[in-house]
Structure formats: structure tokens, C-alpha cells
Amino acid sequence: MIDIDRMTPGSPPAGFTFARTGRGREGEWTVVEDPTAATGRAIEQSSTDRTDYRFPLAIHDSLSAANVNVELRFKAVGGKIDQAGGIAVRLADADNYYVVRANALEDNVRFYRVVNGRREQLAGADLRVTANEWHTLGVRAEGERFTVSYDGKAQFSATDNTFMEAGGIALWTKADSVTRFDQVRITPLPQGSD
């Protein structure tokens, strides 16, 4: 569990490095006070640059894993073009990774691979994603199998072997999404487990 409650409000979240896939401005990641968050604080991406192909990343510094289970709560608080929040796994760099994301303007959850900066959808589901409410999003990566959960229920799985090596974990947003993240849990899984 990432200790957001120990981070300083108004500052960038400690233990993260920031990057961006695509074009436009870098993301603006800060720790904010939020009485609805589990500990009263959340990590927020607040830049409203409307560049469509723009994906700000907050990469967790201390972990690299191939097989991992990541769960978090997110809340879409703003955005005219997009209101999206997501989790990147097996991140080699800002242009190569897998990402699961939920979008409150599109009411869907999607799983993509990003190869050399190009995003390709691998799976997805149409689900109600309400703005200004906390939702849980999760991805379990084991070998070439990925299982995506939303609000506590497994929704779909996908198989892909583009990135099999250990990589980073990151918080992810799109375009002008203002999104908050809370209760980020990262659990490395044994290698070779099914």
C-alpha cells in the first residue's frame, strides 16, 4: 500500500517519477486534501491540457515486476475531452507498457498495450463509470494473462505476450482528465504462477 497519508499536500507525491506518452504538456501531479479519500489525502493529476493523444504517468519508483496485482481507487473530478484514470504495468518506458483504464465520459473500461507510443486495445467492457465518485480498478498480470476488475468484480481477461519482462507500475490519465487516486495496493505475484 502506498502511504499517501504520509505525503505532503501541495507537493508532488513522494516516491514517484513523472513522464508522458504522446504529445502536449507534462502532467501536474500533486498530493491534495480530500475528505472522501480513505486517509483524507489523494494523488491528483490536475493539468487540463486538452491534447488528445496525451497520457501523463506517475511511475512508482521502488518496484519492478512482471507478475503483479495492482488495485486502487480513482475518482474522475474533471475534464471536457476525457475523464479517465488508469494503471500501467510492465512499464519499460513512457512509450512501452500495458494499461487498464476507466473513463467516466465513455462509461467503459479498456485494456491496451502501448508499443513505441502507439496504443492498441486488447479488451474492454462497457460499464457505468460515474464522475466525482470513487471507483476501484484493478489489473492482475500473470505471464501472458491479464485479468481486469472494476468495483470489486472481475470484468474480463486478455492474453498478450508483447511485454513479458518485469517493468514499472504507474498511475495514468488521458488528455484533460483531472483524476484523483487513493488506496494504491501493489502485490508482486510469484513468477510462473497460473
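Helices (H or I, at least four residues) and strands (E, at least two) are taken here as DSSP runs, numbered from the N terminus. The structure above is a predicted model, in which local features need pLDDT of at least 70 and side-chain atom pairs count only at pLDDT 80 or more, while totals for chains, interfaces and linings use all residues. Residues are numbered from 1 along each chain as its sequence is written, and side-chain values use heavy atoms, with hydrogens and water left out.

Let us start with a sheet. Strands of a sheet pair through backbone hydrogen bonds, either parallel or antiparallel. Two strands are said to pair if DSSP finds at least two bridges between them. In this model, seven strands form an open sheet in the order 2-3-14-5-10-11-12, and the pairing is antiparallel. At its edges are strand 2 (29-33) and strand 12 (153-159), each of which pairs on one side only. Direction ignored, neighbouring strands of this sheet are turned by 30° against each other on average; for such angles, axes are lines fitted to C-alpha atoms, for helices over the stretch in contact, and angles run from 0 to 180 degrees between N-to-C directions.

Follow the sheet to strand 12, and you meet its partner, strand 11 (residues 145-150); the two pair in the antiparallel sense over six bridges. Within this pairing, Ser149 has Ala154 of strand 12 as its bridge partner. The loop between strand 11 and strand 12 holds Asp151. The phi of Asp151 is near 50°, a positive value in a residue other than glycine. For accessibility, buried means under 20% relative accessible area, exposed over 50%, and partly exposed in between (1.4 Å probe, protein chains only). Asp151, at 35% relative accessibility, counts as partly exposed.

A second residue with a positive phi is worth a visit. Asn132 has a phi of about 60° although it is not a glycine. You can find Asn132 in the loop between strand 9 (118-126) and strand 10 (135-142). With a relative accessible area of 51%, Asn132 is exposed.

Now turn to strand 4 (residues 54-60), where seven of the seven residues are buried. In a regular strand the side chains alternate between the two faces of the sheet. Both faces of strand 4 are covered: on one side Arg54, Pro56, Ala58 and His60 are buried, and on the other so are Phe55, Leu57 and Ile59. Strand 1 (residues 16-22) runs antiparallel to strand 4 and is joined to it by seven bridges, with Pro56 as the bridge partner of Arg20. Strand 4 is also joined to strand 13 (residues 168-172) by three bridges, again running antiparallel. Here Ala58 has Leu171 as its bridge partner.

What about the interior? In soluble globular proteins, nonpolar side chains tend to be buried together. A nonpolar core is a set of buried Ala, Val, Leu, Ile, Met, Phe, Trp, Tyr and Cys residues joined through side-chain atoms within 4.5 Å. The largest such core has 40 residues, of which Ile87, Val109, Phe111, Leu137 and Leu171 touch the most other members. Strand 5 (residues 68-78) gives the most to this core, with five residues. A second, separate core has 14 residues, including Phe55, Ile59, Ala94 and Tyr112. Back in the largest core, Ile87 is in contact (heavy atoms within 4.5 Å) with residues including Val70, Leu72, Tyr98, Leu137 and Trp172, leaving aside its neighbours within four places in sequence.

Finally, consider the charged residues. Side chains of opposite charge can pair when their charged atoms come close. A salt bridge is a side-chain nitrogen of Lys or Arg within 4 Å of a carboxyl oxygen of Asp or Glu, and by this rule there are 16 salt bridges. In one of them, the side chains of Asp126 and Arg110 meet at 3.2 Å, N to O. This pair links distant parts of the chain, with Asp126 in strand 9 and Arg110 in strand 8 (residues 108-115), 16 residues apart. Asp126 counts as exposed at 62% relative accessibility, whereas Arg110 is buried, with a relative accessible area of 15%.

Another salt bridge joins the side chains of Arg113 and Asp160 (2.3 Å, N to O). Arg113 lies in strand 8 and Asp160 in the loop between strand 12 and strand 13, so the pair ties together parts that are 47 residues apart in sequence. Both Arg113 and Asp160 are buried. Elsewhere, Asp34, Glu44, Lys75 and Arg180 are linked in a network of salt bridges.
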